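Please open the structure in the viewer and keep the sequence panel at hand.

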Amino acid sequence: MIVRIMGEGQWTLDDSPLVELNKLDDELLAEMESGDEDGFHRTLGALLEAVRRLGRPLPDDALEPSELILPAPDASLEEVRAMLSDDGLIPG
């Protein structure tokens, strides 16, 4: 799976980290719904860090179609809310 972090680049991940990523995505969604901005920023940072830690960065000149697009680390709660589907940022 290819994951893009907006403003940073792309990472390739196996399917095995999806459980961890989905857990963080669920937390992020709950914090957004409750308006917990501090929790939202903390969990967004943890989600992006998990992608960086569990994935392998693609070279900057590689432009592969991304299966997931995640917001930049400094994205606002409102910007992320506009990106959400019913399943959160990560479908499934």
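The stops below cover the sheet, a helix on it and several salt bridges.

This is a predicted model, in which local features need pLDDT of at least 70 and side-chain atom pairs pLDDT 80 or more, while totals for chains, interfaces and linings use all residues. Residues are numbered from 1 along each chain as its sequence is written, and side-chain values use heavy atoms, with hydrogens and water left out.

Select the strands (DSSP E runs of at least two residues, numbered from the N terminus, as are helices, H or I runs of at least four). Four of them form an open sheet in the order β3-β2-β1-β4, with mixed pairing (two strands pair if DSSP finds at least two bridges between them). The edge strands are β3 (56-57) and β4 (68-70). Now select residues 2-5 and 9-12: β1 and β2 pair in the antiparallel sense over four bridges. Arginine 4 stands opposite glutamine 10 in β2.

Next, select residues 37-54, helix α2, which touches β1, β2, β3 and β4 (contact means heavy atoms within 4.5 Å).

Then display the side chains of arginine 52 and glutamate 8, which meet in a salt bridge at 2.7 Å, N to O (a side-chain nitrogen of Lys or Arg within 4 Å of a carboxyl oxygen of Asp or Glu). Arginine 52 lies in helix α2 and glutamate 8 in the loop between β1 and β2, 44 residues apart. Shared partners join Glu8, Glu49 and Arg52 into one network.

Finally, select glutamate 27 and lysine 23, which form a salt bridge at 3.5 Å and lie four residues apart in helix α1.

Note on methods. Axes fitted to C-alpha atoms, helices over the stretch in contact; angles between N-to-C directions.
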